[in-house]
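User: I've got a new model open and want to talk through how its parts pack. Start with the ground rules, please.

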Amino acid sequence: MRVLLIGANGYLGRFVADRLLADPAVQLTALGRGDDADVRFDLATGSPGALTRFLDAVHPQVVVNCAGATRGGARELARHNTVAVATVCEALRRSGCGARLVQIGCGAEYGPSQPGSSTAEDAVPRPGGPYGVSKLAATELVLGSGLDAVVLRVFSPAGPGTPAGSPLGRLAEAMRRAMQSGDGELKLAGLGAQRDFVDVRDVARAVHAASLSAAQGVINIGSGRAVRLRDAAAILARVAGYGGALHELDGPPGTHPRSPIAHPRADSDHTAPVAYPYPDGCGSWQQADVRTARDRLGWRPRINLEESLADIWMEAACRI
């Protein structure tokens, strides 16, 4: 099976590449903006015609799109998350390869949900920020393209390679700094949000399964269980062997707007209030209904949050 992977060097893309390369039946080609891609191409600026010519030359049977941006202003997010996907869809429509498209979406497309509920694929999306809006627009482009396509809505990925700027990455970094400096207490803010964490390696397994399946439409990929960020902090402290006290700050924390995690020592740039308890525009609760992934892909999550956090901590600890 010839697979074209777009965004192989990204957070999710690296694990998807590893998973696909482990399948001896897969012949993988990586397309991206980096020098180490098999083919260099920028979806946000490249033309559909140029991509079409490449597709006709390589003739993939499956195209997996893991490319995109999670940070930046609305214009940048739209370019990398929406315009880029429009380019992929148009190129596939023009191409004679007939490839199946596996698009990586995100749980932020749904926006806030009712605490205690599980969000199924038929929920009406109401994204609460520009990132979710840009990803939802991409999903709508894929669903309306007429292609053989599936969108995997990945909830909150965790595990090795977790970006340092993500809530779990910032939590690990704050704990590392506390242990390095010998602080006996760690003051944390914005830990009330509950999210559905799913390990990146389980996400890669879902992408592999979707590539082999005939499933179309939207499929949620998550653990099916919401976890409070303060509980994740407690697990991380246990994994790290941090014996200090964890204190949650009350009220609007005095941290950077993009960081719900505060280090005990106040820094001059940590003065603005947090706009959201979790920086994805999804409010205080998100939990995926993952029955469709089970029924249509034969997929279930295998890696628990403690193992994901242990791998996050192992990478953070290497910086001590």
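Analyst: Angle words first: under 35 degrees is roughly parallel, over 145 roughly antiparallel, 65 to 115 roughly perpendicular, and the rest oblique. Axes are lines fitted to C-alpha atoms, for helices over the stretch in contact, with angles from 0 to 180 degrees between N-to-C directions. This is a predicted model, where local features need pLDDT of at least 70 and side-chain atom pairs 80 or more, while totals for chains, interfaces and linings use all residues. Numbering runs from 1 along each chain as its sequence is written, and side-chain values use heavy atoms, with hydrogens and water left out.

User: How are α5 and α7 oriented to each other?

Analyst: Helices here are DSSP runs (H or I, at least four residues; strands are E, at least two), numbered from the N terminus. Helix α5 covers residues 167–181, and its axis comes within 11 Å of the α7 axis, crossing at roughly 45 degrees. That angle is why the pair counts as oblique.

User: Which hand does the α5 and α7 crossing have?

Analyst: Handedness goes by the near helix: turned anticlockwise from the far one by less than a right angle is left-handed, clockwise is right-handed. For α5 passing α7, the crossing is right-handed.

User: What orientation do α7 and α9 have?

Analyst: α7 (residues 229–240) packs on α9 (residues 305–317) with axes 9 Å apart, at an angle of about 60 degrees. So α7 relative to α9 is oblique.

User: How many charged residues sit in that α7 and α9 contact?

Analyst: This crossing is right-handed. From α7 come Ala 232, Ile 235, Leu 236, Arg 238, Val 239 and Ala 240, and they meet Leu 305, Glu 306, Leu 309, Ala 310 and Trp 313 of α9. By class there are nine nonpolar residues, no polar ones, and the charged count is two.

User: How do α3 and α4 lie relative to each other?

Analyst: α3 (residues 74–94) and α4 (residues 130–143) have axes 9 Å apart, and the angle is about 10 degrees. The two helices are therefore roughly parallel.

User: How many polar residues does the contact of α3 with α4 have?

Analyst: Among the residues that meet are Ala 74, Leu 77, Asn 81 and Thr 82 in α3, and Tyr 131, Ser 134, Lys 135 and Leu 141 in α4. Twelve residues are nonpolar and one is charged, while the polar count is three.

User: Which residues does Ala 120 touch, leaving out those up to four places away in sequence?

Analyst: Ala 120 is in the loop between β5 (100–106) and α4. Its C-alpha atom is 9.1 Å from that of Gln 287, which is 167 residues apart along the chain. With sequence neighbours up to four places away not counted, Ala 120 touches Tyr 110, Asn 220 and Asp 289.

Conventions:
Contact = heavy atoms within 4.5 Å. Nonpolar A, V, L, I, M, F, W, Y, C, P; charged D, E, K, R; others polar.
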